[in-house]
Amino acid sequence: MTPTASSVLGKDLLGLEHLSAEQINVILDTAGPLKEISERAIKKVPTLRGATVVNLFFEASTRTRISFEFAEKRLSADTVNVASSGSSISKGETLVDTARNLEAMRIDMVVIRHHASGAAKFLAERIESNVINAGDGTHEHPTQGLLDLLTLRDKLGDLRGKRICICGDVLHSRVARSNIWGLTKLGAEVAVCGPRSLLPNAIGEMGVQVFDRIEQAIEWADALNVLRLQLERMQAGYIPSLREYNRVFGVTSERLDRAPRDILILHPGPMNRGVEIDSDVADGPHSVILDQVTNGVAVRMAVLYLLAGNKPTLATAARGDA
Ligand code: CP
């Protein structure tokens with residue numbers, strides 16, 4: 001398979017900021033029918049047979065890494081997983097040298113998670129293979145944004161005019177950025193809610209409302225996307241304590257009981273139970289958190305399928321005889 005820049009998405013998927021609503025809808029429309037493949041006894045179609053995908057994960061991941069690997073295997077691609085520990089990156093080899101050495105072994109696509117914002121773009125500009133951003137620093141996490149959009153669209157229908165509030169640690173969140181870009185392009189009304197210390201100064205420039213109280217967000221929204229408090233990215237001083245954060249901003253069943261309408265609860269994971277979200281909410285009737293995980297495989301299959309240059313002819317994708 002030759003890497004392609006002629007797909008409906010271009011060569012790479014680096015973020016949702018520069019995708020059009022039409023491109024986002026093509027991905028979601030392609031992912032919908034692909035979900036069925038994961039329900040089959042034999043969860044495999046030959047669509048990407050002969051293609052080689054390298055998963056470069058330089059940061060911890062459960063959902064994204066495993067669902068990319070499932071997506072690749074379900075499309076019959078050959079996959080290789082590379083982590084920084086155990087590879088020559090731990091001896092000081094640069095990201096580009098690692099990728100160029102992999103390309104010398106004739107790969108087709110690279111999926112990259114990296115702690116540095118911009119790492120995926122940096123790589124995409126220097127190698128011929130298709131590059132998919134699986135989360136770069138605090139910049140974007142486009143496939144998470146897409147699976148959140150698919151989950152919301154499955155539950156709420158057309159997202160135009162729907163009210164989605166992103167709650168918590170927006171400052172450190174690449175998921176928040178991808179959600180804001182994707183939701184606004186699809187016509188949703190978007191808000192954020194959290195302590196001012198955890199909201200970017202320029203958040204208003206992204207066209208979102210700001211709520212200072214979680215009760216206001218619950219009263220307003222059709223869905224809350226509750227973010228993990230990213231303790232590993234924080235220096236001291238953002239919040240007084242985890243207990244205080246839960247008391248003021250925690251999504252609890254007592255607060256949801258006062259919602260004026262049905263409200264969906266999303267969380268990209270991993271969750272800090274008892275901090276940003278209580279367990280009875282995470283496991284309760286409002287939660288679509290495991291639907292997000294299921295949709296993650298289909299969205300990643302769609303992105304791989306489209307970046308490989310396949311046409312968004314849905315029946316063909318699901319049949320696997322593209
Ligand atoms: N949502 C998400 O990116 O989870 P992981 O860090 O487990 O991949």
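## Helix α3 and its buried face

In this predicted model, helix α3 spans residues 95-104 and has Leu95, Val96, Thr98, Ala99, Leu102 and Glu103 as its buried residues, where buried means under 20% relative accessible area with a 1.4 Å probe and protein chains only. Seen down the axis of α3, these buried residues fall within an arc of 160 degrees, so they line one face of the helix; the arc is that of the directions from the helix axis to the C-beta atoms. An α-helix has 3.6 residues a turn, so residues three or four places apart point the same way.

The buried residues of α3 pack against β1 (52-57), β3 (109-114) and α4 (119-124), with contact meaning heavy atoms within 4.5 Å. Helices (H or I, at least four residues) and strands (E, at least two) are DSSP runs, numbered from the N terminus.

## Arg300 in helix α11

Arg300 is found in helix α11, residues 289-307. Arg300 is buried yet has no salt bridge, and the nearest side chain of opposite charge, Asp148, is 8.2 Å away; a salt bridge would need a side-chain nitrogen of Lys or Arg within 4 Å of a carboxyl oxygen of Asp or Glu. Among the residues that Arg300 touches are Arg63, His141 and Leu147.

A search of the whole structure finds 0 disulfides, a disulfide being a pair of cysteine sulfur atoms within 2.5 Å. The closest cysteine sulfur to that of Cys165 is in Cys167, 3.9 Å away and therefore too far for a bond.

## Basis of the values

Residues are numbered from 1 along each chain as its sequence is written, and side-chain values use heavy atoms, leaving out hydrogens and water. Because the model is predicted, local features need pLDDT of at least 70 and side-chain atom pairs count only at pLDDT 80 or more, while totals for chains, interfaces and linings use all residues.

Conventions: Buried < 20%, exposed > 50% of the residue type's maximum accessible area, 1.4 Å probe, protein only. Lys, Arg positive; Asp, Glu negative; His and termini not counted.
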